Amino acid sequence: MGARKKAKEDSAAPIARDVLENLRYVQGRVPELATRHDWYKAFAHTVRDRLVDRWMETIRALTGEKAKSVCYLSAEFLMGPHLGNGLLSLGMLDAAREAAAELGLELDRILEEEEEPGLGNGGLGRLAACFMDSLATLGVPAIGFGIRYEFGIFDQAIRDGAQVELTDKWLRRGNPWEIERPEICFDVKLGGRTETSLDEKGARRVRWIPQQVVKGVAYDTPVPGYGARTVNLLRLWKAEATESFDFAAFNTGDYLGAVQEKVASETISKVLYPNDEPAIGKRLRLAQQYFFVSCSIQDIIRVHLARGRSLDDLPGAWAVQMNDTHPAVAVAELMRLLVDEHRLDWERAWDITRKTLSYTNHTLLPEALERWPVPLFGATLPRHLEIVYEINRRFLEEVRARFPGDDARVARLSLIEEGGEKSVRMAHLACVGSHAINGVAALHSELLKRTVLSDFHAISPGKFRNVTNGVTPRRWVALANPRLSALITKSLGDRWLTHTEEELRRLEPLARDASFRREWREVKRRNKEDLAALIRERTGVSVDPSSLFDVQVKRFHEYKRQHLNVLHVITLYDRLRRGLDAPPRTVIFGGKAAPGYALAKLAIRLIHGVADVVNGDPAVASRLKVAFVPDFNVKVGQRIYPAADLSEQISTAGKEASGTGNMKFALNGAVTIGTLDGANVEIRDAVGEENFFLFGLTVDGVAARRAEGYSPRACYESDGELRDAINLVGSGFFSRGDRDLFRPIVDSLLNRDEYMVLADYRAYVDAQARAGEAYGDEDAWTRMSILSTARSGRFSSDRSIREYCETIWHARPLGANG
């Protein structure tokens, strides 16, 4: 499409025309009877039509050159709402707003109608979404492979201060963005046994005779790049039965049996992260992981062979990235397909597999590195267990040859954990079967080499890389914070949206400009007013937009230390009650706790208990408020990040791999209070130590305190304010006199304190006091805020993707392949 035609088709009049046509012909609605959701779908189809045009262009370009494609295997894709992002990427946002007005509609209300796909739990899925955005923006051909969960991450409600999990029925009104591909489907085997025989050439062959076969059907969603012609693909797999209805069973009166296979098969893609405490839950989770990996690898091979290319050239055509350990079974599955289905010899297949696959590690917590009991793994994937054992045998032979007599090293490196119940170590499988292993922040990557993957680093140091995470500035600034985006564009032009690091640096001199600082404050003030209105609507709590908005929004986990934040709130409340002065502050929390994580859920209950007392006390009403914004997701995040003054990044040093919320806050001008953990280290280096409120033990400091014999009770006994805060929690003051409700939190802190909350308490409270004092100097704080944005451009996911392309994938944009 020529530039003139494109401009014409993307102006208000043709958009309004196409919306009306889609309302009529796709939905069968007349405008007079259309609901707001009908209009949303009509706008969605109008945008999708344009994305599909560009998608076709991308496919034609891809078939015309031998470009390498990136395949991103991830159990989570937290894409967020599509409509606003699509309009922004196509440069149609203003025209769509005008078109909506011509139709008597408000675009913002239409945008609110979109049901957010909850296909992820937090940072992992949001990172995958940012990476897909950047791949398309940079023109690198890519496919994201995952699962089309019928029910995503639960919707969070708060009842009597406690989290209640509600079913996320994101598909209940349909999904206008996806295209079903019933012709793209693959059989996925589960259970059963294997049989060995010799083929016509005398070679050993293994045949897998499954107990169950499930069909995986592709659903495609176009993923646009900002200001680019490239549109990539998110391909999610839905599980279906190979035979959905047993007519013979139905005719004999077995009506439930007639649909039994359908129900059993569809369970696999039914829900994100089923409870894996019971054995049946573990099997389902393993089956989920294998299901999407098998469909994806089969699809890659299908497309590769259809292009007339040799399997030996698979690594030259495809870079397959395993996002954490969930897809690690890809190592064994690619080997199975190459050896069993395509009859390659082992050595040739292994060379292809290792050159094709790479692995991103996202955790330093040993318990988060997946392990599957050998009996369960073998019962679910019998052929893969044989392949894992053979990979392990060959790998350990190499280890023994390099380190003769070092049985302890062999045991540590083995893909099979022998102590107690035997288990398959999925991170080990990913490390052995990949040509590259990367961490997601400089500190995290160094700690991987020193701790959980130290033995692998010792034998293959050349495999290890660092690629610090990033976030897309399109969604997290331009879309989430249109006022700030407009101010930056007015000052710099719009090139910052694709050249974020170099362009945002040009804001630095403006931090010294009084009129620019006034405009910056006005943007922040209006964003805070919007968030205050949302808080009042969702919680009933009225907050003062002129107060310091002190924000911690993230998944609830003890290592993220929301309870440390709560202890500071209690201390601040106690100080105010005693007549001490402090700048007005609103402390805002948000995030979900895993349904089975009792202490994390109790922390949410404690926040509400503290909020009830603080917000109900007229003595502090003008100085301190506490709010918990329920059901934190991408849409809510887009309202919170732009309004934050202070970004809470307070995890125990050495526990957070990277974090991406820290980057979203910084790009939106929040000043960080945090530890030297994850990407905080790099954020502090970037923004300057004078613009970062640092506190707490370092990684080495944590290790030293443990080595000395850390006593949390000694911290409690030696610090009067800490003792008072914990005693208030234990006394029932925040639980209407119930001394038992929060006892598990108090006992955990005083007797174990695994995450050094009490050790860091005093340093944290002091850092908070410095932050409060700094906020009182309006001009100085505004300069810090501007510099936070100006110096955080390197945390764009575009930079991350360029590094992956250069150091791991060796992939180039379309048109750059000669």
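I count two residues as in contact when heavy atoms lie within 4.5 Å. The model is a predicted one: local features need pLDDT of at least 70, side-chain atom pairs count only at pLDDT 80 or more, and totals for chains, interfaces and linings use all residues. Residues are numbered from 1 along each chain as its sequence is written, and side-chain values use heavy atoms, with hydrogens and water left out.

**Entry: Cys 130**

I started with Cys 130. Leaving aside neighbours within four places in sequence, Cys 130 is in contact with Gly 470, Val 471, Thr 472, Trp 476 and Ser 797. I looked up where Cys 130 sits and found helix 7, residues 123–137. Helices (H or I, at least four residues) and strands (E, at least two) are DSSP runs, numbered from the N terminus. Is Cys 130 buried or exposed? Cys 130 is buried, with a relative accessible area of 1%. Buried means under 20% relative accessible area, exposed over 50%, and partly exposed in between, with a 1.4 Å probe and protein chains only. I also checked Lys 449, which is 319 residues from Cys 130 in sequence. From C-alpha to C-alpha, the two are 26 Å apart in space.

**Entry: helix 2 and helix 3**

Two packed helices are described by the angle between their axes and the distance between the axes. I looked up both values for helix 2 (residues 12–25) and helix 3 (residues 36–64). Their axes come within 8 Å and cross at roughly 115 degrees. Axes here are lines fitted to C-alpha atoms, for helices over the stretch in contact, and angles run from 0 to 180 degrees between N-to-C directions. Helix 2 passes helix 3 in a right-handed crossing. A crossing is right-handed if the near helix is turned clockwise from the far one by less than a right angle, and left-handed if anticlockwise.

Which residues meet? From helix 2 I noted several, including Pro 14, Ile 15 and Leu 23. From helix 3 I noted others, among them Trp 39, Phe 43 and Arg 50. The residues of this contact divide into eight nonpolar, three polar and four charged. Ala, Val, Leu, Ile, Met, Phe, Trp, Tyr, Cys and Pro count as nonpolar, Asp, Glu, Lys and Arg as charged, and the others, Gly among them, as polar.

**Entry: aromatic rings**

How many aromatic pairs does the structure hold? I found 16. Rings of Phe, Tyr and Trp (its six-membered ring) pair if their centres lie within 6.5 Å; planes under 30 degrees apart count as stacked, over 60 as edge-to-face and the rest as tilted.

I took Phe 556 and Phe 628 from the list. Their ring centres are 6.1 Å apart and their planes are at 45 degrees, so the pair is tilted. Phe 556 is in the loop between strand 17 (548–553) and helix 25 (562–577), while Phe 628 is in strand 19 (residues 624–629). The pair links distant parts of the chain, 72 residues apart. Both Phe 556 and Phe 628 are buried.

Next I took Phe 693 and Trp 781. This pair is stacked, with 6.2 Å centre to centre and 20 degrees between the planes. Phe 693 lies in strand 22 (residues 692–694) and Trp 781 in helix 35 (residues 778–790), so the pair ties together parts that are 88 residues apart in sequence. Both Phe 693 and Trp 781 are buried. I also noted a cluster of Tyr 72, Phe 131, Tyr 804 and Trp 809, linked by ring pairs.

**Entry: residues touching those rings**

Thr 672 lies in strand 21, residues 671–674. At a relative accessible area of 3%, Thr 672 is buried. Beyond neighbours within four places in sequence, the contacts of Thr 672 include Leu 646, Ile 683 and Phe 693.

I found His 608 in helix 26, residues 598–615. His 608 counts as buried at 14% relative accessibility. Not counting residues up to four places away in sequence, His 608 touches Ile 158, Gly 161 and Phe 628.

Arg 561 is not a glycine, yet has a positive phi of about 60 degrees. Arg 561 is found in the loop between strand 17 and helix 25. At 0% relative accessibility, Arg 561 counts as buried.

Arg 483 lies in helix 22, residues 482–492. Arg 483 is partly exposed, with a relative accessible area of 25%.
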